Amino acid sequence: MATELYDLSVPAFTRGLRALDGVLDKAVAHAAATGQDAEAWLDNRLAPDMHPLRKQVQIACDSPKLCIARLSDVAAPVHDDSEVTIADLKGRIADTLAYIASVPREAIDGQEAREVILTFPGGQMTFEGRLYLTGFALPNFYFHLTTAYGLLRQAGVPLGKRDYMGAPG
């Protein structure tokens, strides 16, 4: 039996976003316990030319919602990137999880050959559905998820691999 696109996408995105939500909870708890300002960490960057934590979380939400929308042709929620607090970012995660859960399996499965065209300031990239998911959307999602985790770890939040991995299922 072949693995369907739904099985490759929705569970991975869901698990990662739930883990990110949990990591943000741990950041807030650590800040409260140590007298720090967790909101200040939202501007932290790993390097001057990289996005800050706030944008890492926003993109970690955009990757799954836009992937599912492009594969399923079910319109994704629009976010204006105006989140300024951790609570705002957690709301965006919740909104993204709700959208992903709302898209029916049958809208995603069978879209392996669907043409997906991404337009960037420097040009375009064209994919077939399966290669878009496995070669672009998932790696992009995990990059931003990992960077958000790394930024909080660098800030002193006591996180481990289990926090990053999240709960299965």
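1. Let me start with F120, which is partly exposed at a relative accessible area of 36% (partly exposed lies between buried, under 20%, and exposed, over 50%, with a 1.4 Å probe and protein chains only). Keep in mind that this is a predicted model, where local features need pLDDT of at least 70, side-chain atom pairs count only at pLDDT 80 or more, and totals for chains, interfaces and linings use all residues. Residues are numbered from 1 along each chain as its sequence is written, and side-chain values use heavy atoms, with hydrogens and water left out.

2. A search of the whole structure turns up seven aromatic pairs (Phe, Tyr or six-membered Trp rings with centres within 6.5 Å; stacked under 30 degrees between planes, edge-to-face over 60, tilted for the rest). One of them joins F120 and F136, a tilted pair at 6.3 Å centre to centre and 55° between the planes. F120 sits in strand β1 (residues 115-120) and F136 in helix α5 (residues 129-154), so this pair ties together parts 16 residues apart in sequence (DSSP runs numbered from the N terminus: helices are H or I, at least four residues; strands are E, at least two).

3. Is Y132 buried or exposed? Y132 is buried, with a relative accessible area of 1%. Together, F120, F127, Y132 and F136 make up one aromatic cluster.
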